[in-house]
Amino acid sequence: MRPEDLKSDYPNFEDWFTKVKYDIYFGGKILILRLNEKGEIVAIAILKLTKREKKICVFKVLEAYRGNGESSKFMEYILTITGSKPLITVSSNRLSEYQKLFNKFGFELCKVYDNYYKEGLSEYCFNGFLN
């Protein structure tokens, strides 16, 4: 997995990725990678953990590693770090990919934001609300 694999999910990807790298470097966010036996990245998570907010900003598992428990194992690990049900959002065009996982971990839909990140898409917000 490369940063470019996230490009379709984030508008203004270059600006977004530059900010994420800055936040990781200066401690505002945490980057977590899951590697396969060859040392290749197969899953990525970016977390924001502050006193005010516990948020999964990015959670992505390569398609080839979905459906065999890898997504659940990775989410279990993430939840050990966040210590609670963190805020997470997913766009309407990706909701079906995550719905089973969210149900398994008891994530609660709190609000749907229309056109929040991308025009024409809704953002489904679980376990809290966006600021």
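**Figure 1. Confidence across the predicted chain.** The mean pLDDT of the chain is 89, and 92% of its residues reach 70 or more. Here pLDDT is the predictor's confidence in each residue, from 0 to 100. Among the elements of the chain, β5 has the highest mean pLDDT (97). Helix α1 (residues 13–25) has the lowest (80). Helices (H or I, at least four residues) and strands (E, at least two) are DSSP runs, numbered from the N terminus. Where pLDDT is low, the predicted coordinates should not be read in detail. This is a predicted model, so local features need pLDDT of at least 70 and side-chain atom pairs count only at pLDDT 80 or more, while totals for chains, interfaces and linings use all residues. Residues are numbered from 1 along each chain as its sequence is written, and side-chain values use heavy atoms, with hydrogens and water left out.

**Figure 2. The largest nonpolar core.** This core has 20 residues. F59, F74, M75, I78 and F107 have the most contacts inside it. A nonpolar core is a set of buried Ala, Val, Leu, Ile, Met, Phe, Trp, Tyr and Cys residues joined through side-chain atoms within 4.5 Å. Buried means under 20% relative accessible area, exposed over 50%, and partly exposed in between (1.4 Å probe, protein chains only). At least two core residues come from each of β2 (41–49), β3 (54–61), α2 (70–82), β4 (87–91) and α3 (95–104). Look at M75: leaving aside neighbours within four places in sequence, M75 is in contact with I56, F59, L101, F105 and F107. Contact means heavy atoms within 4.5 Å.

Figure 3. L95, Y98, L101 and F102 are the buried residues of α3. They sit on the same side of the helix because they cover an arc of only 130° around the axis. The arc is that of the directions from the helix axis to the C-beta atoms. An α-helix has 3.6 residues a turn, so residues three or four places apart point the same way. The face turned away from the buried side carries the exposed residues S96, K100, N103 and K104. The cover over the buried residues of α3 includes β3, α2, β4 and β6. After α3 comes G106, with a positive phi near 70°.

**Figure 4. Cysteines without a bond.** A disulfide is a pair of cysteine sulfur atoms within 2.5 Å. The count by this rule is zero. The sulfur of C57 is too far for a bond, because the closest cysteine sulfur, in C125, is 12 Å away. C125 is in no disulfide either; its nearest cysteine sulfur, that of C110, is 6.3 Å away. C125 counts as buried, at 0% relative accessibility.

**Figure 5. Two asparagines with positive phi.** N115 is found in the loop between β5 (109–114) and β6 (122–126). Its phi is near 55°, a positive value in a residue other than glycine. N115 is partly exposed, with a relative accessible area of 38%. N127 lies in the segment after β6, and its phi is near 65°, also positive. The side chain of N127 reaches the backbone oxygen of P86 at 2.9 Å.

Figure 6. K55 is found in β3. K55 is buried, with a relative accessible area of 12%. Beyond its neighbours within four places in sequence, K55 is in contact with I46, L47, K48, P86, L87, Y117 and L130.

Note on methods
A polar contact is a pair of N or O atoms within 3.5 Å; within protein, one must be able to donate a hydrogen and the other to accept it, and residues adjacent in sequence count only if both atoms are side-chain atoms.
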